[in-house]
Amino acid sequence: MKIDGTAYRSVWVDASDGFSVRIFDQTKLPWALDILRLTDVAQAAHAIRTMQTRGAPLIGAVAAYGMCLALRADASGEALERDAAMLAATRPTAVNLRWAVDRMLTRLRNTAQADRVAAAYDEAGKIADEDAAQCEAIGRHGLPLIEAIAARKPGKPVNVLTHCNAGWLATVDWGTALAPIYMAYERGIDIKVWVDETRPRNQGAALTAWELNSHGVAHTIVADNAGGHLMQHGEVDLVIVGADRVTRDGDAANKIGTYLKALAAKDNGVPFWVALPSTTIDWTIRDGVADIPIEERAATEVTHLTGRTEDGTLATIQVTSPGSPAGNPAFDVTPARLVTGLITERGRCDASEAGLLSLFPEFAR
Ligand code: MRU
C-alpha cells in the first residue's frame with residue numbers, strides 16, 4: 001500500500017545492507033511514522049512481544065525474518081532449534097507465527113549449515129510474497145459482498161463495521177478484513193467504515209483509522225460498545241473482521257470484543273464475515289473456546305492510555321481507579337455458528353469443516 005505516494009510493505013529487507021529487517025514501529029502510530037531496523041533475533045522477538053509489529057500474518061513474516069537474523073549469528077542446528085522455539089513463544093494466539101516458524105524449520109533442517117542464511121532469506125521472502133498475494137486474493141473474493149450491497153442501495157453508502165486492525169499494517173500488504181474495502185473504494189463504490197476503537201490498545205482508533213485516512217476511505221471511529229446500537233438502527237450493512245486462529249470447524253479467534261460484535265450481528269441479521277489467509281487455519285483443533293490459547297497481556301494496557309496532549313507531546317495517563325487490579329485477555333473466540341462465512345485466498349466458504357475443505361481439500365483426512 002502507499003504512504004504519501006510511496007509503496008510500502010509492512011516488513012522488508014533493507015536494500016542498502018541486504019540483511020537488516022525493516023518494520024514500522026506500530027506503537028508510535030498514528031503520531032509518528034518510525035521505521036525500525038532489526039539486526040538480530042533478540043530485536044525481532046522484542047518487536048513481536050511488545051507489538052511494535054503485530055497482526056497474525058505479519059508476526060509470522062517477521063518471525064521468519066527473525067530466523068534469518070538468528071542464523072547470521074549462529075547457523076548451527078542447535079541454535080536453529082533454540083531460536084525458532086524462542087520466536088514461536090513470543091505470542092501465543094495467532095497460529096501464523098507457529099506456522100511460519102515451522103515452515104522455516106522444515107526448509108532449514110534440510111539445508112547444509114553453510115547454505116542456511118541464504119536459504120532462510122529466500123524462504124522468508126517467499127512467505128512475505130505469498131502473504132501479500134493471499135491478502136490481495138482475499139480482497140478480490142470479499143469484494144462481491146460489498147458490490148452486492150451497493151447494488152441493493154443505490155445512492156447510499158455501504159456501511160461496514162470492523163474491529164481491531166486487519167489492514168495492511170497487520171499483514172505484509174493489503175490486509176485481510178480491509179482488503180475488500182480497499183478494492184471497493186478503488187472501484188468507486190461509496191463505502192463507509194465504522195472503526196471500533198478496540199480497547200485496550202486501540203488498534204482500531206490508532207491503526208485502522210490511520211490506514212483508512214491515509215488511503216482516503218471514509219470512516220468513523222466509534223467506542224467499542226457502539227456497534228450493537230448502530231446495528232439496531234440499520235447503520236451497519238456488513239461486519240468484516242480478521243482472525244488470529246480459525247479452527248477446523250470454523251471457530252475464529254480475533255481481538256477481544258469480536259465475539260460481542262458477532263452476537264449483536266446475529267441478533268440484528270447483519271452478515272458477519274471473517275477474512276483470513278489459510279495460514280491462519282489451525283487444522284489440528286476444532287473447539288476454539290476450549291483449545292485456542294488466549295494471550296493475557298499486561299494490566300497496564302487497560303489501566304493506562306498513551307495519547308497526544310494539546311501541545312503535541314505524547315503522554316501516558318492512568319484512566320482507572322488507582323489500586324484496582326485489571327485483567328487483559330487479548331483475544332476471544334467467535335463460535336462458527338455466529339459467522340456468516342469465511343473469506344480466504346481461495347474464495348468464500350461456510351465457517352465449518354465442510355466449508356473449509358471445499359476450498360482446501362488437501363487437508364481432508
Ligand atoms: O494483538 P494484535 O493487534 O496482534 O491482534 C490483531 C488482530 O486481532 C487482528 O484482527 C488479526 O490478527 C487479523 S490481522 C490481518
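In this predicted model, strand 9 covers residues 238-241. Leu238 and Ile240 point one way from strand 9, while Val239 and Val241 point the other way. These residues are all buried.

Strand 9 pairs with strand 6 (residues 158-162) in the parallel sense, over two bridges. Here Leu238 of strand 9 is the bridge partner of Val160. Strand 9 also runs parallel to strand 12 (residues 272-275), and three bridges join them. In strand 12, Trp273 is the bridge partner of Ile240.

Rolling a probe the size of a water molecule over the atoms shows where empty space is left. The table gives the volumes.

| Pocket | Volume |
|---|---|
| Largest pocket | about 510 Å³ |
| Second largest pocket | about 310 Å³ |

The largest pocket is lined by 21 residues, and Thr27, Trp31, Pro200, Arg201 and Thr306 are the closest to its centre. Helix 7 (203-215), helix 11 (300-303), strand 14 (304-308) and strand 15 (314-318) each give two or more residues to this lining. The largest share, four residues, comes from helix 7. By class, the lining of the largest pocket has nine nonpolar, eight polar and four charged residues.

In the second largest pocket, 17 residues form the lining, and Trp99, Ser278, Ile281, Trp283 and Phe363 lie nearest the centre. Helix 4 (95-109) and strand 13 (281-282) each supply at least two lining residues, and helix 4 gives the most, with five. This lining divides into six nonpolar, four polar and seven charged residues. At least three of its residues come from each of domain 1 (2-130) and domain 2 (137-298 + 326-363).

How values were computed:
Residues are numbered from 1 along each chain as its sequence is written. This is a predicted model: local features need pLDDT of at least 70, side-chain atom pairs count only at pLDDT 80 or more; totals for chains, interfaces and linings use all residues. Side-chain values use heavy atoms; hydrogens and water are left out. Buried means under 20% relative accessible area, exposed over 50%, partly exposed in between (1.4 Å probe, protein chains only). Two strands pair if DSSP finds at least two bridges between them. On a 1 Å grid over the protein atoms alone, a cavity is a set of points where a 1.4 Å probe fits but cannot get out, and a pocket is an open set with protein on both sides within 12 Å along at least five of seven lines; lining residues have an atom within 4 Å of a point. Grid points are joined across faces, edges and corners, and a volume is the space filled by probe spheres set on the points. Ala, Val, Leu, Ile, Met, Phe, Trp, Tyr, Cys and Pro count as nonpolar, Asp, Glu, Lys and Arg as charged, and the others, Gly among them, as polar. Domain bounds come from an automatic or database domain assignment.
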